[in-house]
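Open the model in your viewer and keep the selection panel at hand. The stops below go from the whole chain down to a single side chain.

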Amino acid sequence: MDAGDQFADPSVVAAYARRPPIPAPVLDRLIGLLPSTPRNVLDAGCGTGAVAAALAPVVDRVDAVDPSAAMIAEGRRRSAGTPNIDWIHATMEDAVLRPPYGLIACAGSLHWMDLAVVLPRFASVLASGGTMAVLFQREVEQPWTAGLRALTMRYSTNRDAHRYGMFQRLAEAGDFEVRGQYESQPVPHVQPVDDYIESIHSRSGCSRERMSSASQAAFDREARALLERYVVNRCLPLRIIGQMMWGRPGRNNPRASPPSRS
C-alpha cells in the first residue's frame, strides 16, 4: 500500500486543519503569478482546499483535484457557498480537466505524483502565459525538533523512503524550467500542545487508523512530555516558513496525457 493512501483515513482528514497554515506572503506571491487571462487555476493535490479557498475570490474557477474522497468531501464542506471551486475526486495522473489554466498550484503534494506522467500533462493543460508553482510550509527548527523527529520515526507506520526534496528534483528535471523561487520570513504561529500533536497525526505514517491503540497512546504521552517544557502561555511558540518555486513544465516527455474535458 502506498503511504499516500493514508490521506484517505478519516482521522488524517479530521486532523488536517491543525496543520500550520501556509504563510500569507507565499499566498500573495502565488496570486501574483496569475496572468490576466485565463483566470482558471488547477489546484493539484488540493487536500482540504486551503489554496483553492485562497485563490477562489480572485479567479474565475479553481479545479481542485485530490485522490482522497474524504479530503474532497471536507474541502467541499469547508468551501460551502464558494461556487467557483470545482471539486474533482481523482488522481492527478487520471483526472478529467478543463484547460487551459493560467496557474497550476501544487501545495505539498507533488512528491506523491508520478512526475513522468504529471509534468507533461501539466505542460499540455497550462496556457502559453501560465505558470506552475510548487509550494509548502515548514517549521523553523526548535529545541524539541530533533527529539520529536526521532520519536515520530520510531512510531511511524511507514517503512518505505519518504519522497521529499521536490525543489531539487524539479530543478534537476529536464522537463521543468525554473523561473523563480521565494522563501518567506518566519511567521509566528502559536498552538496548544494537544492540537500540535494532533497535527502530527495528519501526516503520512502517523494515521490513527494505522497505529495500534497502544502505539497511539504511547506516542501522544511521550510527545506531550517532550513538548510541555517549551509551552509559553499554554501554547507552543512556532515559527513557520513558506517556500515556493515556479516555472513551466516542458513538453519533451513522450508519454501520452489522459484526455481533458472540453
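**Confidence and overall shape**

Colour by pLDDT, the predictor's confidence in each residue, from 0 to 100: the chain averages 90, and 91% of its residues are at 70 or more. This is a predicted model, in which local features need pLDDT of at least 70, side-chain atom pairs count only at pLDDT 80 or more, and totals for chains, interfaces and linings use all residues. Residues are numbered from 1 along each chain as its sequence is written, and side-chain values use heavy atoms, with hydrogens and water left out.

Select residues 252–262, where pLDDT stays under 50. The model has 27 contacts (heavy atoms within 4.5 Å) for this stretch beyond four places in sequence. Where pLDDT is low, the predicted coordinates should not be read in detail.

Now show the whole chain as a cartoon. It has nine helices and eight strands, which are DSSP runs (helices H or I, at least four residues; strands E, at least two) numbered from the N terminus. Along the principal axes, the C-alpha atoms fill a box of roughly 55 × 40 × 35 Å. Of the 262 residues, 53% count as buried (under 20% relative accessible area, 1.4 Å probe, protein chains only).

**The largest nonpolar core**

Which residues have the most contacts inside the largest nonpolar core? Select Leu42, Met92, Ile104, Leu110, Phe122 and Met132; the core has 26 residues. Such a core is a set of buried Ala, Val, Leu, Ile, Met, Phe, Trp, Tyr and Cys residues joined through side-chain atoms within 4.5 Å. Strand 1 (40–44), strand 4 (101–107), helix 5 (115–125), strand 5 (126–139) and helix 7 (166–172) each give two or more residues to this core. Helix 5 gives the most, with five residues.

**Thr152**

Move to helix 6 (residues 145–155) and pick Thr152. Is Thr152 buried or exposed? Thr152 counts as buried because its relative accessibility is 17%. Its side chain reaches the backbone oxygen of Leu148 at 2.8 Å. Beyond four places in sequence, Thr152 touches Ile200, Cys206 and Phe219.

Note on methods
Buried means under 20% relative accessible area, exposed over 50%, partly exposed in between (1.4 Å probe, protein chains only). A polar contact is a pair of N or O atoms within 3.5 Å; within protein, one must be able to donate a hydrogen and the other to accept it, and residues adjacent in sequence count only if both atoms are side-chain atoms.
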